[in-house]
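Here's a quick briefing to read with the model open beside you. Take a look at it first, then work through the points below.

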Amino acid sequence: MENGQIPENANEHCPGPQSESAGKSESCEGCPNQQICATAPKGPDPDLVAIAERMATVKHKILILSGKGGVGKSTFSAQLSYALAAMDFQVGLLDIDICGPSIPKMLGLEGQEIHQSNLGWSPVYVESNLGVMSIGFMLPDPDDAVIWRGPRKNALIKQFLKDVDWGELDFLIVDAPPGTSDEHISIVQDLGAASIDGAIIVTTPQQVSLIDVRKEVSFCKKVGVQVLGVVENMSGLCQPMMAASKYLRMTEAGEEKDVTEWVREYVKEKAPELLNVIALNEVFDNSGGGAARMCTEMGVPFLGKVPLDPELCKAAEEGRSCFVDQKSGTSASALKKIIDKMMENQGISRVLVDNDA
């Protein structure tokens, strides 16, 4: 427990040896360190001072959260980072999803390794103004499972914050795992003295996702993190009616016959004005009002909707920005509006200009 660090053999949800409840809380029962923690002298964690010093060169710190997995949180984190870097901001993307690090793939950085310098760990750079840090760079095999208890996860998150040489950043985007577990408590506590701007919460439209998002909003309110807004992702399947659709016809024998080419040729000849029509199909049930209604009920900003776009999915799979070409037109446009709204709500553009002046 050197420097107040949580020992690796501690129980899950360990409050930390410096906590007033160390050795006394329910989560301490049966821990081999219980007696030591209960009698150890209490005081400020020296690592938090180091984190505050490291984060002093980072202007804005934004958490990306979700109530459940599979809603596109990491995709949003990656594309937000790409967008901010394209605006000539200095951007860092920190992946604290210890058990499911997908950021290296979504940034096209699979197989890269972390390098050490005299200033600490160096982020892996996509571009000169976009650096990334993830446990994914530390795994000898990308298929290796990370089977760690909470204390070890928390120790690595703390190390990412105090030992990574982020340099001068306009934005540090933190991609967190789904839920409200140890990693979330750790990042909020560790950045407590470094001034978090707030959190963007990503959801899908259906109630089964929004139920968990409500818990995420409650978590933010309880720990004092401002909710910058909620993004409704996968808000309908959006794609050109002719470009990607496949058309089938049922035969009298009940078999499916592919008539895609016939439909396309027919439309070209008979109704060419339909060639540029975008088809939007609702995939999830949003009859309950979706994220917009939830935001109204919980008093948090609604930033907008992003459609389920096959081209955006492809950009994430290939580790590239969806903003560099016209392929992801609908999703890229929606994401840009959301990012602009978030920055406008927080006055971030003006603050950065003033700081740079």
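**A guided look around**

His184 counts as buried, because its relative accessibility is 1% and the cut-off for buried is under 20%. Keep in mind that this is a predicted model.

**Around His184**

- You'll find His184 in helix 6, which covers residues 182-190.
- Setting aside residues up to four places away in sequence, His184 touches Leu65, Ala176, Pro177, Pro178, Gly179, Glu216 and Phe219.

- An unreviewed UniProt entry gives the annotation "binding site" to Gly67, Lys68, Gly69, Gly70, Val71, Gly72, Lys73 and Ser74.
- Of these residues, Gly72 is included in the lining of the second largest cavity.
- Gly67 sits in the loop between strand 1 (58-66) and helix 3 (73-86), and Val71 is found in the loop between strand 1 and helix 3.
- Gly67 is buried because its relative accessible area is 15%, under the 20% cut-off.
- Val71 is buried too, with a relative accessible area of 3%.
- Which residues does Gly67 touch, not counting those up to four places away in sequence? They are Pro178, Gly179, Val202, Asp212, Val213 and Glu216.
- Val71, leaving aside its neighbours within four places in sequence, is in contact with Ser66, Val202, Thr203, Thr204, Ser209, Asn233 and Met234.

- Is Cys31 buried or exposed? Cys31 is buried, with a relative accessible area of 13%.
- Cys14 is partly exposed, with a relative accessible area of 21%; that value falls between the cut-offs, since buried means under 20% and exposed means over 50%.
- Not counting residues up to four places away in sequence, Cys14 touches Ile6, Ser27 and Pro151, while Cys31 touches Ala10 and Asn11.

**Salt bridges**

- How many salt bridges does the structure hold? There are 17 salt bridges.
- One of them pairs Arg214 with Glu297, whose closest N and O atoms are 2.5 Å apart.
- That pair links distant parts of the chain: Arg214 is in helix 7 (residues 207-223) and Glu297 is in helix 9 (residues 290-298), 83 residues apart.
- Arg214 is partly exposed, at 30% relative accessible area, and Glu297 is partly exposed, at 46%.
- Glu110 and Lys105 meet through their side chains in a salt bridge (3.7 Å, N to O).
- Glu110 is exposed, with a relative accessible area of 52%, whereas Lys105 counts as partly exposed at 33% relative accessibility.
- Lys162 and Asp163 form a salt bridge too, their closest N and O atoms being 3.3 Å apart.
- Asp163 is partly exposed, with a relative accessible area of 22%.

Key: Residues numbered from 1 in each chain as written. Predicted model: local features only at pLDDT ≥ 70, side-chain atom pairs only at ≥ 80, totals over all residues. Heavy atoms only, no water. UniProt positions renumbered as here; feature names shortened; annotations may be inferred. 1 Å grid on protein atoms, 1.4 Å probe; cavity = no way out; pocket = protein on both sides within 12 Å on 5 of 7 lines; lining within 4 Å. Helix = DSSP H or I, 4+ residues; strand = E, 2+ residues; numbered from the N terminus. Buried < 20%, exposed > 50% of the residue type's maximum accessible area, 1.4 Å probe, protein only. Contact = heavy atoms within 4.5 Å. Salt bridge = Lys/Arg side-chain N within 4 Å of Asp/Glu carboxyl O.
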